[in-house]
Amino acid sequence: QTQLVESGGGLVQAGGSLTLSCVASGRSLDSYIKAWFRQAPGKQHELVAAVTSAGSTHYADSVKGRFTISRDNAKNTVTLQMNSLNPEDTAMYYCAAGYPPTGWNTNYEYWGQGTQVTVSS
C-alpha cells in the first residue's frame, strides 16, 4: 500500500516562510510526477507546483518566484519551500503523485491527508 504523508504546515505572519515536506511509503514513485495542490474554503482545488522525475518544474502563476518544489527520489520525498507568504496562500495543502508522467494534468493517483497553512496579516 502506497501512502503520502505531509508535514510542515502551521501559522506564519505575512512575509514569512514555511517548508512543507511529503514522504511516500510503499512503492517507489520515482517515475511519477509529484505535485502540491491547495484548497481554501469556498475556492477551487488548485495545482500549486509539480516536478517530474528529471527535475522539470511547473508553478501556478500566483506562486512563481515565491515557491520552490523539489524532490529526492532516494528518499521518496517531495518538498515545497514557500517564501514571501501572504494571506491569499492560506489553504489546506496536499501532496500528490501522478502517472503517466506525460503532462502536468496527469492522473494524480496518490494523495496525502493534507497540512494546513495559515498566513496572518
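Okay, a definition to start: strands here are DSSP runs of E, at least two residues long, numbered from the N terminus. What you have up there is a predicted model, so local features need pLDDT of at least 70 and side-chain atom pairs count only at pLDDT 80 or more, while totals for chains, interfaces and linings use all residues. Residues are numbered from 1 along each chain as its sequence is written, and side-chain values use heavy atoms, with hydrogens and water left out.

Let's go to Asn 76. You'll find Asn 76 in the loop between β7 (67-72) and β8 (77-82). Asn 76 isn't a glycine, yet its phi is positive, about 60 degrees. Buried or exposed? Asn 76 counts as buried because its relative accessibility is 10%; buried means under 20% relative accessible area, exposed over 50%, and partly exposed in between, with a 1.4 Å probe and protein chains only.

So what does the side chain of Lys 34 make with the side chain of Asn 76? A polar contact, at 3.2 Å. (That's a pair of N or O atoms within 3.5 Å; within protein, one must be able to donate a hydrogen and the other to accept it, and residues adjacent in sequence count only if both atoms are side-chain atoms.) Lys 34 itself sits in strand β4, residues 33-39. Lys 34 is buried, but has no salt bridge, meaning a side-chain nitrogen of Lys or Arg within 4 Å of a carboxyl oxygen of Asp or Glu. The nearest side chain of opposite charge is Asp 30, 5.7 Å away.

Another positive phi turns up at Ser 84, near 50 degrees, again in a residue other than glycine. Ser 84 is in the loop between β8 and β9, and counts as partly exposed because its relative accessibility is 43%.

On to the cis peptide bond. Which residues does it join? Tyr 99 and Pro 100, with omega about 0 degrees. Pro 100 falls in the loop between β9 (91-99) and β10 (107-111).

Then there's Ser 120, in strand β11, residues 115-120. Ser 120 counts as partly exposed because its relative accessibility is 28%.

How values were computed. Helices (H or I, at least four residues) and strands (E, at least two) are DSSP runs, numbered from the N terminus. Lys and Arg count as positive and Asp and Glu as negative; His and the chain ends are not counted.
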